[in-house]
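Hi everyone, thanks for coming. Let me put the structure up, and then we'll walk through two parts of it.

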Amino acid sequence: MVSKKNISITVNGEAKEAEVEPRMLLAHFLRDVVGLTGTHIGCDTTNCGACTVIMDGKAVKSCTILAVQANGRKILTIEGLSKGREKLHPVQQSFVDKHGLQCGYCTSGMILTSYWLLKNRKNVTEEEIRAAISGNLCRCTGYDNIVESIKDASKKMEEEGDPIEEHPEIKVRA
Amino acid sequence: MELSEKLVRGEGRFVDDIQMPGMLYLGFARSQYARAKILKISGAHLTHKEVNFEVVEVGEGATEGGPTALSHPVLANGYVGYVGQPVAAVYSDDRYTAEDLIDSVEIEYEPLKAIVDPEESLKREAMYPGVRSNAIVDRYFGKEFTPDPSDIVIERRLVNRRIATNPIEPRGIVAAYDGNKLTVWVSTQSAHSIKEGLSEALKMEPDRIRVVQVDTGGAFGLKGGLFPEYVVACYLAMKERRPVKWIETRREHLLASRPGRGVVANLKLYAKRDGTITGLKGDVIVDNGAFTGGSGEFSPMFIARQLAGAYYLPNAHVRALSVLTNKAPQGPYRGAGRPEAMYFIERLVDGLADELKMDPVELRLINAAKETYTSPLGMQVEKSRAFLESAIKELDYEKYKEKENVGFAFLILYHATAGGESARIKVEDGRLKVWTGGNAHGQRHDIFIKTLLKEELGVSEDLVDALKGDTDQLQDGVGAWGSRSSMVLSSAVIVAARKIKEQIEKKHGKYTLKALLDGNWDEYEFFKYDKTESSLGANLVTADVDGYGRVRVKECLSYYDAGRVLDPDNARGQNAGGAVQGIGQTLSEELAFDEDGLPLITSISDAGVLSADLVPKFGIKFHKSESPLPSKAKGIGEAPTIGVPIALSRAIEKATGKLIVETPIKPEYLLPAGKD
């Protein structure tokens with residue numbers, strides 16, 4: 001067997017160090033090693049997007065990234081969006097308010113892709129929203145309520161700002 | 001914390017989130033052949049020699065009775081019948097090592113000629129020794145009749161190809177055993193079905209099994225049943241006295257779960273020149289797969305019985321067949337026989353309209369049932385003409401009727417209300433805990449349960465915990481499928497609440513919220529219901545087709561009789577979600593096989609599940625004719641998977657001038673002449 005590697009990944013602002021097999025997927029590192037099970041696995045082939053996390057400011061699918069590739073990088077998971085706060089992040093709140101989830105399995109990935117979109121774009125159109133979440137499959141909602149949630153979140157982030165400060169690398173809304 | 005809030009924080013508890021000390025990860029070596037004898041297995045931890053149970057049918061569409069010659073063996077018994085069939089099991093205390101061990105299992109096969117096509121299967125030698133024919137169901141419905149020689153005949157061979165259910169969370173189970181009691185945590189639509197199935201398969205007393213439903217990430221019919229993998233996980237947990245986890249990969253889901261549809265119909269519709277339908281003849285053939293344990297023994301009958309649609313059909317004679325093929329067993333998928341039946345009759349009606357050069361909706365009006373009657377095929381068809389008239393108005397059909405790209409569907413949805421459902425309400429420490437027999441998996445029953453309890457008992461939503469299924473908390477239960485929960489589950493909750501109210505009235509002279517919350521109350525209700533209810537629906541779809549045969553759905557509108565709408569947000573979500581599945585079935589979703597029975601589809605994208613950029617915004621209007629149940633609601637969960645494929649197929653037929661007889665409709669079929 002290939003020898004294990006020591007890695008250190010900043011997850012939701014905290015350094016997480018571990019010795020892992022080089023083949024370990026980032027999704028399994030987050031779920032099984034760090035214990036953050038909000039990142040879900042749905043397809044193993046980068047199609048469904050349930051495993052989406054933010055890595056150094058970009059939305060990525062953690063089921064096809066190796067943990068060793070994330071060594072030294074910063075990861076934001078769904079748990080990090082409202083970490084240490086009583087209130088939900090505006091994007092999370094909008095998904096609650098606008099019924100943007102049913103079974104909840106695709107939700108973490110869907111919210112993080114939406115978060116990435118809204119950090120990068122002001123005044124998003126419906127078409128832009130649908131294109132942005134086209135790598136996140138949902139089998140329950142038919143997407144309508146998700147699109148409405150993201151529109152609502154865009155407004156909320158406009159009004160309230162983004163409570164997360166530790167991700168300056170995500171470029172400000174243009 | 002409220003469920004939505006938990007889920008958006010990533011704090012849901014799905015089956016793969018469970019970690020226990022000493023847990024084993026289970027994996028399966030699966031057949032690479034569609035049909036073969038197994039000569040030798042080496043390197044496996046568990047084979048049929050040791051784990052020689054059979055999976056009995058449970059869940060939606062299950063037929064009663066124990067194992068038969070055609071039951072699915074838990075692990076292959078010297079023979080494999082489809083690619084992906086579990087042959088042997090391996091386990092390890094690490095996920096990755098379990099995967100490695102699967103690859104180290106060596107299986108020697110003697111390949112046999114696979115039977116892939118269900119119609120060909122009827123002509124081939126019997127698949128198993130001792131079985132007379134590959135038709136495991138062969139029954140007639142209705143009565144032979146002689147059509148009037150002057151009648152018009154519309155004859156079609158219609159096909160709904162197989163599709164995977166594809167919930168975003170695959171199947172999964174964790175099992176643990178303490179020496180006496182087996183506890184199972186599972187992603188399911190019915191904790192009680194799983195318990196019943198495990199008890200029969202493992203030959204264990206039911207009270208030694210506890211099944212707990214965890215957050216369930218979609219199911220769509222698939223997760224009502226028991227699977228071979230679950231039985232092996234439980235066996236191993238008992239053998240090793242360690243917790244065991246099995247989580248399906250997407251590839252395993254596409255190979256070896258229980259796909260839906262897979263039905264061929266050869267039908268003749270008879271009518272007079274004025275458009276009046278006079279009769280229906282033909283056959284319906286379900287592609288059962290290689291074993292029972294899915295719904296293949298039930299679905300051909302269920303389809304045949306519904307073939308009158310929402311119309312007055314005076315004569316009918318239909319043969320219903322289910323046929324062995326070398327594929328995974330067919331299972332229920334959102335609608336489970338309802339979409340197939342309505343697709344067949346509605347395609348014939350559109351064909352009749354073309355033959356008569358009549359507006360298809362006008363033709364539907366002529367044939368809509370003026371009075372409730374029992375069709376010769378056996379189902380009660382409710383009077384439907386008045387509903388259709390209001391659907392035409394509400395969907396603004398007059399505005400669309402001259403368009404080149406519009407399709408209309410008229411449907412009847414039979415609710416699986418028969419069998420009833422259970423609920424338990426327990427009041428302690430000033431809070432209400434509610435358990436129900438049907439287990440939600442994306443329908444958010446928790447929301448309407450809270451609404452109903454507020455109405456019945458005046459208790460605010462934040463004092464109610466709508467809990468997941470747990471067979472130790474609820475003595476009996478059925479399951480969440482067949483558009484039934486807003487009808488029977490809700491009614492069980494209402495009746496249980498009323499019983500508590502009565503007790504309080506008896507004790508305190510009158511009901512007060514204070515008496516409820518200060519007291520300790522515990523009421524279990526099995527709401528019995530024997531009748532199959534139904535409701536009507538209509539869809540209108542417009543679609544454009546480009547020069548490459550690519551279809552763009554422009555508008556997709558629904559008008560469904562939902563009775564009392566318990567939760568409008570949720571009902572809209574059910575409609576949109578079902579409509580995307582309906583579009584998927586029509587345009588892209590298929591589990592295709594080659595001539596040797598080898599699957600051609602191995603990822604969720606190849607399977608045709610649609611993303612947000614490929615579907616329109618959906619619209620729904622509700623018709624509110626209340627049901628006779630205490631909740632007054634009518635389920636609509638399966639209506640869009642019934643109506644949308646019908647209306648979209650017609651829209652495409654109109655837009656391209658090509659006769660549509662199969663789903664999915666492939667772009668190459670729609671290429672303009674000279675471009676293919």
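How many Å separate the centres of domain 1 of chain A and domain 2 of chain A, taken over C-alpha atoms? The answer is 22 Å. Domain 1 covers 5-77 and domain 2 covers 90-160, with bounds from an automatic or database domain assignment.

A quick note before more detail: this is a predicted model, where local features need pLDDT of at least 70, side-chain atom pairs count only at pLDDT 80 or more, and totals for chains, interfaces and linings use all residues. Residues are numbered from 1 along each chain as its sequence is written, while chains are lettered from A and ligands numbered from 1 in the order in which they are written.

Back to chain A. Domain 1 brings 14 residues to the contact and domain 2 brings 10 residues; contact here is C-beta atoms, placed from the backbone, within 7 Å. On the domain 1 side, β3 (52-55) and β4 (58-61) each give two or more residues, and β3(A) gives the most, with 3 residues. Strands are DSSP runs of E, at least two residues, and helices are runs of H or I, at least four, numbered from the N terminus.

Now to chain B and helix α12, residues 445-457. Its 13 residues should span 18 Å at 1.5 Å a residue, and the end C-alpha atoms are 18 Å apart, so the two agree. The expected span is 1.5 Å times one less than the number of residues. Just after α12(B), B:Gly458 takes a positive phi of about 70 degrees.

Note on methods:
Two residues are in contact if their C-beta atoms, placed from the backbone, lie within 7 Å.
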